[in-house]
Amino acid sequence: SVRNRPITVEDYRKRARRALPTMVWAFVDGGAEDEITLRANRSAFDRWRLRSRVLTGHAGAGLSTKVGGVDLSLPVFLSPTGMTGLTHWTGERGAARAAERAGTRAVISTASSYTVEEIAEATAEDHFFQLYPWTSATTGEPLSKKFIGRARQAGYRALFVTVDVPVAGNRERERKYGMGIPPRMTPLRVLDGARRARWSYHFLTKQRISSRMLVDERGAAAAVRSAKAQESLMRPDLRWDDLARIRDWWQGPLYIKGILDPDDAEAAMKLGADGVLVSNHGGRQLDGARATLEALPAVVDRIAGRIPVYLDGGVRRGSDVVKALALGATAVGVGRPYLYGLAARGEDGVAHVLEIFREEIERTLTLMGVASVAELDRTHVYQAPPT
Ligand code: FNR
């Protein structure tokens, strides 16, 4: 049957669902516990309306912004996702290349399927690195320092330190469908995988599944063999003071990812961070946490223009991007949207998803009568009346 070409991020979501084994889908699309925060990230956007001015004479909207000291021609970057090779064998290499084609960048996860060196080799531009502040449980070795060294050596431009994983989130959808380290296979699950012929063929022939980045690092390698070993690297005892060392080890732009509270935004500034990323890990950590768009205004107010504020979580439309920027974000990250594109059509799928964002943002701004994303502020949005 001839299927229509996808025209929205939601279309890519449906395609991805069909392309992926149920177990992998649970990993990509699921959140923590009752998925209240996961849904709230989406619905928070519906509570804002856009100001519309007509006959402003602005033909064509400017979309450029700056992230990690790099000029982007699209205010949307790829947030880090671990084990991206699970969705498509090209993994972070395909995703980062697509980001470049769209004039933006990818943040590469500590748990990436390809190593930072492999990704650097496959791309033309320098991307960003996401760091989990892990310590080896057996040797006490600060793995962060090694990861930072590798990222610097490989030419990465900015560091995003993820602070919202003191322990693993309770992802019940993953548990229900056997997704884990290692995955729990049953005959039915094998069959379910086999039904996704293209995915299974790549799974068997390319073997780009777990995290090569972790396998490559002595002290972290055990984390790909057992969930327990991975949790043992996490540091629930970590404090803001401990991040000072990371700030010392990385001289380039440094962002704190996983901020929801203005007091934490303040602490990030005190640490000397160059910006914060308002995030709840896509609803995968604390269920019941605020939606990121809800949390954004107070963080923006506290930071008061001193450093940039980014946001991720639930961004699926150009109008979502515009709302976040109007409420004070400098740029937004997307996680699942590019995984949908990757699962459905590899690198081209990600490039198309980013193209959809570009077209939607442009059209939205023109319909609002706004000349560029740089002009957006709170006068461009209204809270919708309660229903
Ligand atoms: C993530 N996220 C994430 N964050 C991080 O700092 N390191 C990581 O390794 C991962 N891994 C990861 C895997 C998968 C499958 C998903 C969906 C997400 C969180 C990610 O960076 C981002 O915060 C959210 O995905 C944003 O929400 P949306 O855009 O997915 O709604």
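Which residue in β11 does D312 stand opposite? In this predicted model, D312 stands opposite G333 of β11, and the two strands concerned, β10 with residues 309-312 and β11 with residues 331-334, pair in the parallel sense over three bridges.

These two strands belong to an open sheet of eight strands with parallel pairing, in which the order runs β4-β11-β10-β9-β8-β7-β6-β5. The edges are taken by β4 (76-78) and β5 (107-108), and because each has a single partner strand, one side of each is left without a neighbour in the sheet. Helix α14, made of residues 292-303, lies across β8 (254-259), β9 (275-278) and β10, and its direction is at about 175° to that of β10.

The largest nonpolar core holds 113 residues, of which V276 and V278 touch the most other members. Helix α16, which spans residues 336-368, gives the most to this core, with 15 residues. Leaving aside residues up to four places away in sequence, V276 touches Y255, I256, I259, A265, A268, V299 and V309. As a general background, nonpolar side chains tend to be buried together in soluble globular proteins.

The surroundings of the ligand can be described next. There are 23 residues around the ligand, and S79, G82, S109, G282 and G335 come nearest. The shell divides into six nonpolar, 13 polar and four charged residues.

Some backbone angles also deserve attention. Most residues other than glycine have a negative phi, and most peptide bonds are trans.

| Residue | Phi |
|---|---|
| E33 | about 45° |
| A304 | about 50° |

E33 lies in the loop between α2 (22-29) and α3 (36-46), whereas A304 is found in the loop between α14 and β10. Is each of them exposed or partly exposed? E33 has 16 C-beta neighbours inside 10 Å and therefore counts as partly exposed, while A304, with 8 such neighbours inside 10 Å, counts as exposed.

A further backbone feature is the cis peptide bond that joins I181 and P182, for which omega is about -10°. P182 itself is found in the loop between α7 (172-176) and α8 (187-194).

Definitions and conventions
Residues numbered from 1 in each chain as written. Predicted model: local features only at pLDDT ≥ 70, side-chain atom pairs only at ≥ 80, totals over all residues. Near = placed C-beta within 6 Å. Nonpolar A, V, L, I, M, F, W, Y, C, P; charged D, E, K, R; others polar. Pairing = 2+ DSSP bridges. Helix = DSSP H or I, 4+ residues; strand = E, 2+ residues; numbered from the N terminus. Contact = placed C-beta atoms within 7 Å. Axes fitted to C-alpha atoms, helices over the stretch in contact; angles between N-to-C directions. Buried ≥ 20, exposed ≤ 12 C-beta atoms within 10 Å, placed from the backbone. Core = buried A, V, L, I, M, F, W, Y, C linked by C-beta atoms within 7 Å.
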